[in-house]
Amino acid sequence: MPITISGSTGIAGVDGSASTPAVQGTDTNTGIFFPAADTIAFGEGGSEVMRIDSSGNVGVGTSSPGSAYRLAVSGNNTGMSIQDTGSVGTWLDFKTGSGTVQGNIYFNFTNGYMTFGTAAAGSSQVERARIDSSGNFQFNSGYGSVATAYGCRAWVNFNGTGTVAIRASGNVTSITDNGTGDYTVNFTNAMPDANYTLSTASNETGSAPQFICLKQSTAPSTGSVRVQARYGTSWSTQDVSYAFVSIIR
Amino acid sequence: MNKRIIYPTDEGGVAVIIPAPECGLTIEEIAAKDVPQGKPYKIVDAADIPSDRIFRNAWTYMEEDQ
């Protein structure tokens with residue numbers, strides 16, 4: 001038989017606990033209890049699972065959501081999900097005090113991409129970056145629109161004179177000094193194929209034209225590329241004190 | 001890394017592998033990866049490699065170095 005309460009007080013006077021909630025159903029260790037002033041908690045099976053603290057902050061899996069979080073989720077190997085039952089799109093908006101969406105993360109289920117939006121203070125967000133369904137990272141960094149970015153996959157700056165040495169590098173395990181002005185750049189992680197592009201430069205060591213090029217009659221490989229520093233009208237090989245090589249794919 | 005790896009080239013010269021300081025591999029791992037398969041090689045101190053490279057293309061890999 002339902003209980004009808006008249007007046008404005010309702011049920012009062014019992015705080016309860018996680019093991020014996022103040023408000024229960026037929027399961028006596030599951031329900032709502034009041035662990036502290038201005039605090040509401042929810043228990044399941046005798047343990048607290050969620051709390052709304054005195055500041056209105058919500059903790060799921062934690063009794064201390066912290067003052068900086070309106071919603072805090074805690075657990076071991078846990079996560080949060082946003083499900084779109086229509087499989088169209090889900091998003092997370094970051095709003096100003098007036099309600100303007102100045103920042104945004106959006107996922108499109110139909111085409112499988114995720115976008116990131118930002119804007120100047122007080123303005124509505126505009127898509128700035130996107131990861132498409134193939135994993136391509138696209139962004140608008142002065143391109144005029146969101147476009148795929150192609151990365152430098154390996155690079156090295158080395159001194160090819162005297163005691164040959166690498167100054168700095170990325171995705172390079174070593175260079176091989178094959179002879180005068182003749183070097184092989186060995187990649188740490190191989191390229192997906194050998195169809196990459198090579199960008200090179202060197203310092204000027206004399207009045208003759210000088211450049212670094214792919215070694216004659218050799219083809220780039222996925223694991224390394226062999227280059228030569230050449231100069232003058234005879235294109236003789238020459239050691240260079242500053243050699244710059246980068247691989248873009 | 002003050003070590004170098006040397007091995008003979010097909011042209012009769014010697015190649016010198018200079019490790020990248022930030023690559024995170026040991027000199028032995030670099031040798032296993034970057035020395036062409038089947039080539040004998042030797043790990044030496046960087047100081048053992050001549051810094052005078054005027055006759056660099058005349059350097060050879062001596063048998064006793066193997």
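**View 1. Salt bridges between chain B and chain A in the predicted model.** The count of salt bridges between chain B and chain A is 3. One salt bridge joins the side chains of B:Arg56 and A:Asp177, with an N to O distance of 3.0 Å. Polar contacts between chain B and chain A amount to 14 residue pairs, with both residues at pLDDT 80 or more.

**View 2. Elements of chain B on the side that touches chain A.** Strand 1 (3–8), strand 2 (14–19) and helix 1 (27–34) of chain B each give two or more residues to this side. Strand 2 of chain B contributes the most, with 6 residues. By residue class, the side of chain B that touches chain A comprises 14 nonpolar, 2 polar and 6 charged residues.

**View 3. Strand pairing between chain A and chain B.** Strand 15 of chain A (residues 172–179) pairs with strand 2 of chain B in the antiparallel sense, over 4 bridges. Within strand 2 of chain B, B:Ile18 stands opposite A:Ile175.

**View 4. Area buried between chain B and chain A.** The contact is formed by 22 residues from chain B and 23 residues from chain A. About 1700 Å² is buried between chain B and chain A, and carbon and sulfur atoms give 44% of this area. Of the area that chain B buries against chain A, 33% is supplied by B:Ile18, B:Lys33 and B:Arg53, more than by any other three residues. B:Ile18, one of these three residues, is also the residue of strand 2 of chain B that A:Ile175 stands opposite.

Definitions and conventions:
Residues numbered from 1 in each chain as written. Chains lettered and ligands numbered in written order. Predicted model: local features only at pLDDT ≥ 70, side-chain atom pairs only at ≥ 80, totals over all residues. Heavy atoms only, no water. Contact = heavy atoms within 4.5 Å. Buried area = accessible area lost by both parts, 1.4 Å probe. Salt bridge = Lys/Arg side-chain N within 4 Å of Asp/Glu carboxyl O. Polar contact = N/O pair within 3.5 Å; in protein donor to acceptor, adjacent residues only side chain to side chain. Nonpolar A, V, L, I, M, F, W, Y, C, P; charged D, E, K, R; others polar. Pairing = 2+ DSSP bridges.
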